[in-house]
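Biologist: Hey, can you walk me through this one? I'm new to reading structures.

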Amino acid sequence: MLNRFSIKIKMFLILIVTVLAVAVFTFIFFHTVDNLKKYSSIEVNVEKLKSSMLMLRRHEKDFLLRNRLLYKDKFLQEYQHSLMLASTLSEQLKGNDYRGDEIERYLSNLNIYKGAFIKLTKAMNERGLDEKSGLYGSLRSAIHRVQNYAKEHNYTLLLAKVYELRKNEKDFMLRKKLKYVKEFLQNFKKLSSLEVDESMKNYLLEYKREFLSLVEKETLCGLDENSGLQGKMRQNVHKTEYLLTVLEKNIANFEKNHEKNMFAQIYLSAFVTMMIVLLLLIMISNNILDSLRIFQKGLLDFFDYLNKKREDISIIKIDKKDEFAHMAKLINKQIAQTTDFMKEEESKLKDFAEVDELTGIYNRRKFNDLVTYHINEFKRYKTEFSLIFIDLDNFKKINDTYGHPIGDTILQKFAQITKDNIRDIDIFARWGGEEFILLLPNTDIDNAYIVSEKIRKSIENYHSSLIGSFTVSLGISSITPNDTKESLLKRADVALYKAKKEGKNKTVIYKESLS
């Protein structure tokens with residue numbers, strides 16, 4: 001019968017019967033007084049929690065202003081104090097049957113806030129807490145090398161250009177605007193027209209790299225308080241402070257409502273008998289607790305599934321018409337959506353772990369697994385295969401001349417041309433940078449040479465509208481009975497080295513004489 005009613009109606013029945021509960025009048029009275037004391041303690045702890053949050057903000061701002069790790073330690077100490085206060089407050093609220101989740105959400109946002117602050121302190125430490133440390137120090141050393149070397153070799157025009165770069169650098173550090181980075185790169189590009197020796201070129205490139213590394217680190221930290229890690233902290237701070245405000249308001253309403261209910265029960269309980277109250281309380285409580293247990297178990301199972309502590313999850317089944325049944329329907333819908341999402345994400349993660357993001361072919365990790373498999377197959381069934389190491393000739397020059405985006409496009413085009421010239425069963429992977437590797441199952445070294453030349457000529461005959469033509473060098477080795485993965489790869493690498501040494505745009509088969 002009780003299954004037909006909502007929790008609100010069940011509690012209303014208890015209230016009606018409580019009017020007759022004269023026997024429990026005294027108990028409820030003293031219980032009310034005790035709760036009022038607890039509520040006062042709860043309010044004090046809420047204020048302490050708010051004060052602790054202000055101290056965290058203070059230590060954060062002190063660190064950002066003074067760049068001293070001392071304030072990081074103070075922040076972490078205050079964070080531990082906040083956790084202790086929140087834990088105490090949570091226990092108090094649970095002891096008073098408070099059902100809000102503000103404390104849990106507060107702890108979650110506080111943990112994110114702390115994590116963002118730790119990342120920020122680490123990034124700022126790597127960037128440099130003063131002009132002589134971290135990336136600041138490295139950049140300073142790099143530009144001094146450029147200036148000193150230019151003075152020693154009387155590069156007067158170069159010194160004037162470098163001063164423009166330094167102005168862009170200092171403008172960026174002072175104003176934190178990316179437009180100065182763009183101006184820096186434009187001015188740096190103009191240096192290519194100057195005739196300087198190789199050492200000066202290297203010093204200039206080192207200066208550029210150090211500056212761009214500093215820009216990247218500054219961007220990570222946040223170019224203003226609303227971006228980067230600073231912005232993430234701001235967001236979570238605002239959420240955390242809002243939760244404290246909501247918690248304070250809800251606790252006040254909670255206490256006010258409970259005080260009213262408790263005093264009402266004091267006067268109305270004189271009109272009910274203890275047996276009726278107890279009987280009704282037991283019946284309704286068991287009914288509600290039954291729904292609560294089912295709902296709680298379903299939620300815990302769902303959280304365990306989200307945390308990957310279990311492999312499957314079932315829906316929450318509550319055969320009633322109360323609020324828990326309604327919430328269970330909402331949770332069940334979320335369970336179905338989350339299950340589909342997690343399966344999709346697992347599939348994406350698996351693909352990401354095996355595929356090179358730029359070219360869409362296998363990455364080095366996946367290739368290592370596959371070559372190990374084929375070596376084992378050879379040792380068991382004598383299934384022959386060959387390896388081809390492929391390296392794009394003069395690729396660094398392409399990157400330096402046209403930029404990395406163009407270089408990436410060339411790598412993608414090379415991968416596509418190669419895939420067009422191999423079989424579906426052939427295994428093609430990016431070994432690293434501009435170096436690629438190809439495994440040809442059931443292929444001896446002579447046929448591997450034919451495939452290599454087919455690829456090489458296809459690349460040689462291709463004309464890019466971006467850079468014109470480019471070439472590749474290839475080195476071939478075939479599996480032998482005594483081979484390990486390392487020895488097989490080493491032979492192909494030796495052959496590739498010979499191809500590069502002999503003028504590039506060439507295929508070389510490994511022979512013992514190469515050793």
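Biologist: Which residues are buried in H6?
Modeller: Leu 158, Leu 159, Val 162, Leu 165, Arg 166, Asn 168, Glu 169, Asp 171 and Phe 172. Buried means under 20% relative accessible area, exposed is over 50%, and partly exposed is in between, with a 1.4 Å probe and protein chains only. Keep in mind that this is a predicted model, where local features need pLDDT of at least 70, side-chain atom pairs count only at pLDDT 80 or more, and totals for chains, interfaces and linings use all residues. Residues are numbered from 1 along each chain as its sequence is written, and side-chain values use heavy atoms, leaving out hydrogens and water.

Biologist: And what covers those buried residues of H6?
Modeller: The cover includes helix H5 (134–152), helix H7 (179–190) and helix H8 (198–221). Helices (H or I, at least four residues) and strands (E, at least two) are DSSP runs, numbered from the N terminus.

Biologist: How do the axes of H6 and H8 cross?
Modeller: They come within 11 Å and cross at roughly 10°. That makes H6 roughly parallel to H8, a label for angles under 35 degrees; over 145 is roughly antiparallel, 65 to 115 roughly perpendicular and the rest oblique. Axes are lines fitted to C-alpha atoms, for helices over the stretch in contact, and angles run from 0 to 180 degrees between N-to-C directions.

Biologist: Which residues of H6 meet H8?
Modeller: Among them are Leu 158, Val 162 and Phe 172 in H6, and the H8 side includes Leu 204, Tyr 207 and Phe 211. Contact means heavy atoms within 4.5 Å.

Biologist: New topic: what's the strand order in the sheet?
Modeller: S2-S3-S1-S4-S5, an open sheet of 5 strands with mixed pairing. The edge strands are S2 (427–432) and S5 (507–509), each pairing on one side only. Two strands pair if DSSP finds at least two bridges between them.

Biologist: Which helix packs on the sheet?
Modeller: Helix H12 (residues 364–381), which touches S1 (385–392), S2 and S3 (435–441). The direction of H12 makes about 130° with that of S2.

Biologist: Last one: is Lys 419 buried or partly exposed?
Modeller: Lys 419 counts as partly exposed, at 34% relative accessibility. Lys 419 is found in helix H14 (residues 404–420).

Biologist: What does Lys 419 touch?
Modeller: Not counting residues up to four places away in sequence, Lys 419 touches Thr 359, Ile 361 and Phe 428. Lys 419 and Ile 361 are 58 residues apart in sequence and 9.1 Å apart in space, C-alpha to C-alpha.
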